[in-house]
Amino acid sequence: MRLFPFGQKRRPLRWAVAVIRVYRGSLRKLLRDNTFILVVAAACVGAASGAIASLMILISETAHQYLFGLNAGERLSSALDLSPTQVIFIVTLGGVLVGATYLHQSRLRHVIVDPIEANALYGGRMSFRDSAFVALQSLLSSGFGLSLGIEGGFTQAAGAVGSKVGQFLNRRRHDVRMLVGAGCAGGIAGAFAAPFAGAAYGFELIVGSYTVATLSPVVAAAVAGHLASRLLVGHSYHIPLNPNGFGSDGYAILALFLGVACGLLSVGLMRCVTGVERIFRQSKMRDVFRPWAGGLLVGLMAIFVPHLLGSGHDAMALILNNEWPVKLLAVVLAGKIVASALSLGSGFRGGLFSTSLFLGAVTGAIAGNLGVMGGVVAPNDVAIISLVGMASFGAAVVGAPMAMALLAIEVTGDLTVVEPVLLGVLAATLTVRQVFGYSFATWRFHLRGEAILGGEDVGWARQTTARDLMRRDLNTVPITMSLADFCARFPVGSTKYVAVADQKAAYVGLLDVAALHVDQLNDDAGSTLEDLKSSLEHSNDWVMASTRFDMLVHLFEQRETERLIIVDNETSRHALGYITEAFALRRYRQELEARQREIFGN
């Protein structure tokens, strides 16, 4: 005999389900609103991002060891005895593999969104599948020795991790954006063993602003990313610059001139990338074959200058710890710029973060050696000049000046570098802004028609359309309606305007009800609205319902009107409603205030 009837066996489970349902709302509110939960989530995202970054770096360098036959402890960018045939074959093979990935990408019906674009336009929402695909492309590009860094791949993956965690916790739009920035901060901090630089990178480039409300999550993510990289993987990029022997002089003037030079060279690098892309487009070569050609050209260049391969971290140590002739340094600088432009322009995936550091260090070494020859720089101080060049070039290309300045300080551990580094970074940033107007990341968006300058949230204005804001109490009548019927249907005071549509129901114009009643006293009782077609108002003041809010605000001033009629599309032009300038500006102010409350945590 059973001790419990069949129907009573599930009572404990039912009680559990009931309790969960009772507290589900409270749990969702806790996950959505609690600041401590946000900080913990950011730390977890940062730890995962730091581990991802270090693992990708480790895989890439392991691939270098086996593919290029490097000795233990040797790195690709500093290797000197590479086989020319092997280099050409491996780099071209990398182009074949990356080209094959474009077969999959050609099937995508959407553009793959990176962290900056996601935060600026889409409230931090990213596709994890697309991000994993970009990370794979970056891993292939870096692993086969192309002249790029792998930062573009692991920041893409790190941002996607933050985005998915924010969506899983049902956090608000600003919190999701912040977690995307936290992921990128953790990835940079873990890769370079630089938590301060990682946090600054997240603030400047991804989140787009710094406030007390955003401080705790992003900093927690950067520290967690650094710790995870060190404890779980035990691997990170170390930029080998030796601070010993730095002079006491500030070299302020030289730092300013070097910053300007780095800014101009960075503009040349960005122009080269877009120029290579234009050449490949004009050649009508398919996307699948472009990396093959780019890889072959980079491999041929690497036969003569092997330091072009890879991101260039260890090549910096080789150059800075040895007295190279200025002419040879100039060849390496020009060759690295061309090789990086070929790599990116032909379709390889990666970043210019590490590449810009290498280019800046070489530029600084050239300036330092020229200063030594001119008697204005002590030989022992060439290293600090190279450090200034590294930070300045990185700030000019990446668009994160404070991140690069902090990176220079963390790399050396010497605060005496602060003054010249800040001056060089300032000069480089201002030069790029004045001459070019964009960093490399935002320049890529500009080429696609997206005029965004960083991760600041402008997507809310683009995602809100005229359909979302319009008033729907617009009456529409056919143009064939008689005046008598119109006056009977719309007496004075019932409404101000009525929309008139033609025989195909397309919008024709607005009719002032009060004015019509006055004029109707002298008109023939058998007249129709078609007789008044020439007196209709706002005939051309219509916009489609899909018009973005940021464009809508400017249309009032452009058309010199205070009222716009919303139609379904340009072909049928069925009137759906209307919106006034006063209401649009009021909604604009309300949205701006809402964004400010989110940013400052009020």
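Student: What should helix α5 span, and what does the model give?
Tutor: Helix α5 covers residues 128-143, and its 16 residues should span 22 Å at 1.5 Å a residue. Its end C-alpha atoms are 22 Å apart, so the two agree. The expected span is 1.5 Å times one less than the number of residues. Helices here are DSSP runs of H or I with at least four residues, strands are runs of E with at least two, and both are numbered from the N terminus.

Student: Where do these coordinates come from?
Tutor: This is a predicted model, in which local features need pLDDT of at least 70 and side-chain atom pairs count only at pLDDT 80 or more, while totals for chains, interfaces and linings use all residues. Residues are numbered from 1 along each chain as its sequence is written, and side-chain values use heavy atoms, with hydrogens and water left out.

Student: Back to α5. Which of its residues are buried?
Tutor: Among them are Asp130, Phe133, Val134, Gln137 and Leu140. Buried means under 20% relative accessible area, exposed means over 50%, and partly exposed is in between, with a 1.4 Å probe and protein chains only.

Student: What do they pack against?
Tutor: The buried residues of α5 pack against α2 (35-68), α3 (84-105) and α6 (151-168). Contact means heavy atoms within 4.5 Å.

Student: How do α6 and α7 cross?
Tutor: Their axes come within 7 Å and cross at roughly 145 degrees. The crossing is right-handed. Axes are lines fitted to C-alpha atoms, for helices over the stretch in contact, and angles run from 0 to 180 degrees between N-to-C directions. A crossing is right-handed if the near helix is turned clockwise from the far one by less than a right angle, and left-handed if anticlockwise.

Student: What classes of residue make that contact?
Tutor: The contact of α6 with α7 has 10 nonpolar, 8 polar and 1 charged residues. Ala, Val, Leu, Ile, Met, Phe, Trp, Tyr, Cys and Pro count as nonpolar, Asp, Glu, Lys and Arg as charged, and the others, Gly among them, as polar.

Student: Ile188 is in α7. Is it buried or exposed?
Tutor: Ile188 counts as buried, because its relative accessibility is 2%.

Student: What does Ile188 touch?
Tutor: Leaving aside neighbours within four places in sequence, Ile188 is in contact with Phe154, Thr155, Ala193, Gly198, Tyr201 and Phe353. Ile188 and Phe353 are 165 residues apart in sequence and 10.0 Å apart in space, C-alpha to C-alpha.

Student: And Ile253, buried or exposed?
Tutor: Ile253 is exposed, with a relative accessible area of 56%. Ile253 lies in helix α10 (residues 252-282). Ile253 and Pro420 are 167 residues apart in sequence, yet 8.8 Å apart from C-alpha to C-alpha.

Student: New topic. At what angle do α15 and α16 pack?
Tutor: Helix α15 (residues 382-398) and helix α16 (residues 401-412) pack at about 150 degrees, with axes 8 Å apart. That makes α15 roughly antiparallel to α16. Angles over 145 degrees count as roughly antiparallel, under 35 as roughly parallel, 65 to 115 as roughly perpendicular and the rest as oblique.

Student: Which residues meet there?
Tutor: Leu387, Met390, Ala391, Gly394, Ala395 and Val398 in α15 meet Pro401, Met404, Ala408 and Thr412 in α16. By class, 8 are nonpolar, 2 are polar and none is charged.

Student: How many helices and strands are in the chain?
Tutor: The chain has 24 helices and 6 strands. Of its 602 residues, 52% count as buried.
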